[in-house]
Amino acid sequence: MDRFDIVVVGAGVAGCMAACKAAELGSKVCFIDRKSRSKIGEKVCGDAISKSHFDQLKISYPSGEELACRIKGILVYSPDLGAVYNVRGEGFIVNRLLFGQRLLNRALNAGALLYDNTAAVEPIIEENSMKGVKVRDLAKDEIIEVHGKVTIDASGFHSLLRRKLPPEWHVESNVAGQDVVLCYREIRELKDELKDPNYCKIYLNQAVAPSGYIWVFPKGGTKVNIGLGVQKKEGFVNPKTQLYKCILSQPTYASSKLEHGGGGEVSARKPIDPLVANGLMFVGDAACQANPLHGGGIGPAMVAGLLAAETAVKVLEIGDFSQKSLWPYNLKFMNSVGAKHVGLDVFRIFLQRTSDEDLNYGMRRLMITESDLLKVGAGEDLRLNVTEKVGRAIRGSRKIRLLLRLKNTATIMRKLRDIYNEYPSSPEKHVEWKKQESLIYEKALKV
């Protein structure tokens, strides 16, 4: 039996950030990952991170081999390609393995102990509180217990721990299919360099990627990260099949060479709520903290890992590991990232229920503008002034229902943002708050 102050399950970006910060603040920390040390950081994803997250977390920008290329923004294309929005924002495309290794080494250098080739199999619950995890040493095929005063679950979207908690803890154990995007992507080498090599490109197309999108992200030189995601609902199409049938069959990719392919599931929803229980905190994909609109999760996961570690270290000082004591992490995340993501989730639902015809029409006539997308992406309210309303109504007179849906969506986004800014300061007030939040959120499902 091994004992620590803080046990972090998962050595992804959220787990490494949490382990590093907690160790830097003087706690005895271990972190666990089923991968071998040299493989930690490998993950199928878009590999894009906003510059703002590095600035916020005071982490040095990627450089050398870790940096694939710099990004100036995102180009969003309508289904018929007749309209394109340039949503500006600086960022980086990273070598995912090398970036993950950098975060891993930061945690190790800070004093955290790594259990690699080790998989969490069951929570240790005593006296109605999380006391650590039972893990399997994959090399020796034996079970050991790792005890901690606080456990941080950073084990990913398919968190085993989250699904094995007592029902009376009221932790969201499963994610509905409608809130999941199935993705498949490949890293390919093209014959020629991409046009606009410093922009990530997103293509909206319900016929090709139902309730999802196609992406083409640069990887530096002639390499690209190209993929397709679809909503995991009844009768969903295979994203790999769609990518090959509709995208890779195009002349641009005819002579490209496959370097690596893979897929997985990504949460497309607001964060699980609450993010804490007795002795337990959730961060990263285990908490569904990826951006609901485009699935980018690296930045929010790092922020969550930092906030969780800071809170965990503070409760160690007072010796109270209850949900109430851990609540400040919950409050800080929901007031900031959570408030932003719930609005993006509502906008995601709007887009998923909008036909290609309406998307083409609305984007061509600027019923949704580049400025709107920038505001939404930044988590701001989508406020339409009177002049804009009149102008858009005229331009969209043949699609007045689309305009009304957009206005209703903007109203719901604003109300939810307001209510998240009043997130309860303690768990005692959460039940009543949740009732109010749910009443507003349910309206988004009917727009």
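This report walks through a few strands, helices, cysteines and single residues of the structure above.

The structure is a predicted model: local features need pLDDT of at least 70, side-chain atom pairs count only at pLDDT 80 or more, and totals for chains, interfaces and linings use all residues. Residues are numbered from 1 along each chain as its sequence is written, and side-chain values use heavy atoms, with hydrogens and water left out.

Let us start with strand β11, which covers residues 199-203. Helices (H or I, at least four residues) and strands (E, at least two) are DSSP runs, numbered from the N terminus. Because 4 of the 5 residues of β11 are buried, this strand is largely enclosed by the rest of the structure. Here buried means under 20% relative accessible area, exposed means over 50%, and partly exposed lies in between (1.4 Å probe, protein chains only).

Which strands pair with β11? Strand β4 (residues 67-77) runs parallel to β11, joined by 5 bridges, while strand β12 (residues 213-218) runs antiparallel to β11, with 3 bridges. Two strands pair if DSSP finds at least two bridges between them.

**Cysteines**

A disulfide is a covalent bond between the sulfur atoms of two cysteines. In this model the criterion is a pair of cysteine sulfur atoms within 2.5 Å, and a search of the whole structure finds 0 disulfides. For Cys183, the nearest cysteine sulfur is that of Cys45, 10 Å away. For Cys200, the nearest cysteine sulfur belongs to Cys69, at 7.2 Å.

| Residue | Relative accessible area | Class |
|---|---|---|
| Cys183 | 18% | buried |
| Cys200 | 3% | buried |
| Ser159 | 0% | buried |
| Val180 | 2% | buried |

Ser159 sits in the loop between β9 (142-153) and β10 (180-189). Not counting residues up to four places away in sequence, Ser159 touches Asp153 and Ala286; contact means heavy atoms within 4.5 Å.

Val180 belongs to strand β10. Leaving aside neighbours within four places in sequence, the contacts of Val180 include Phe157, Val175, Val230 and Ala268. Val180 and Gly212 are 32 residues apart in sequence, and their C-alpha atoms are 10.0 Å apart in space.

Where do the buried residues of α4 pack? They pack against β10, β12 and β13 (223-231). In α4 (residues 239-247), the buried residues are Pro239, Gln242, Leu243 and Ile247. They cover an arc of only 100 degrees around the axis, so they lie on the same side of α4. That arc is taken from the directions from the helix axis to the C-beta atoms. As background, an α-helix has 3.6 residues a turn, so residues three or four places apart point the same way.

Among the buried residues of α7 are Asp356, Asp358, Tyr361 and Met363. Just after α7, Leu366 takes a positive phi of about 60 degrees.
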